[in-house]
Amino acid sequence: MFFQMIGVFLLALVEIWLAIPAGLIWGLHPALVILLVCGGTLSGVGIIIILSERIRAGSNRWLDKNRTGDASASLSALFAQIIAALQERLHSGRLYKIWLKYGIIGLGLLSPVLTSAPLAAFLGVMLNADKLKLFIWISAGVAVWTTGLTLAMYFGLILLGI
């Protein structure tokens, strides 16, 4: 049972859609699955939020370094072009419009089902969201969606006789 608990926690670092069914199929109690998935997901979110400033500063330095010079055929220049395109799209595309309309609350509450919570944390920090508010709203979204999905999957498995 210990290894199943570790497995659910580690899967939750990446995605709750993987961790919840795994925990239930491995025979863990739904309440334990909820706690492990919330803990794992929020650990991942916390790590992303803490490291995001370093990642952002490093990517900006790397991007500035690779924009200068004549290295257009190198792999570094290709990655620099991709990062520049993503930054432009982030501030002009559909995600940015959603961000403007719903803000931190929408991102936090919808991230567990639309994307993954760690990805939403990274995007929120890249959009200059307040880190504490971002963590609080993502935590609320993770708690609500994890509880709902775990209970739905648990009772679904009971109905199917699995």
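1. Ground rules. Residues are numbered from 1 along each chain as its sequence is written, and side-chain values use heavy atoms, with hydrogens and water left out. In this predicted model, local features need pLDDT of at least 70 and side-chain atom pairs count only at pLDDT 80 or more, while totals for chains, interfaces and linings use all residues.

2. α2 against α7. Helix α2 (residues 16-25) packs on helix α7 (residues 131-160) at about 40°, with the axes 10 Å apart. Helices here are DSSP runs (H or I, at least four residues), numbered from the N terminus. Axes are lines fitted to C-alpha atoms over the stretch in contact, and angles run from 0 to 180 degrees between N-to-C directions. The crossing is right-handed (near helix turned clockwise from the far one by less than a right angle).

3. Who touches whom. From α2 come Ile16, Trp17, Ile20, Pro21 and Leu24; from α7 come Thr146, Leu149, Thr150, Met153, Tyr154 and Leu157. Contact means heavy atoms within 4.5 Å. The set holds nine nonpolar residues, two polar and no charged. Nonpolar covers Ala, Val, Leu, Ile, Met, Phe, Trp, Tyr, Cys and Pro; charged covers Asp, Glu, Lys and Arg; the others, Gly among them, are polar.

4. Inside α2. Its buried residues are Ile16, Ala19, Ile20, Ala22, Gly23 and Leu24 (buried: under 20% relative accessible area, 1.4 Å probe, protein chains only). Just after α2, glycine 27 takes a positive phi of about 85°.

5. Isoleucine 16. This α2 residue has a relative accessible area of 4%. Beyond its neighbours within four places in sequence, isoleucine 16 contacts Pro21, Val37, Thr41, Pro112, Thr146 and Leu149. Its C-alpha lies 9.9 Å from that of isoleucine 34, 18 residues apart along the chain.

6. α6 against α7. The axes of helix α6 (residues 117-126) and α7 come within 10 Å and cross at roughly 155°. The two are therefore roughly antiparallel, and the crossing is right-handed. Ala117, Ala120, Ala121, Gly124 and Val125 of α6 meet Lys131, Leu134, Ile138 and Val142 of α7. By class, that is seven nonpolar, one polar and one charged.

7. Serine 52. Serine 52 sits in helix α3 (residues 30-67) and is buried, at 0% relative accessible area. A polar atom of its side chain lies 2.9 Å from the backbone oxygen of isoleucine 49.

How values were computed:
Buried < 20%, exposed > 50% of the residue type's maximum accessible area, 1.4 Å probe, protein only. Polar contact = N/O pair within 3.5 Å; in protein donor to acceptor, adjacent residues only side chain to side chain. Parallel < 35°, antiparallel > 145°, perpendicular 65-115°, else oblique.
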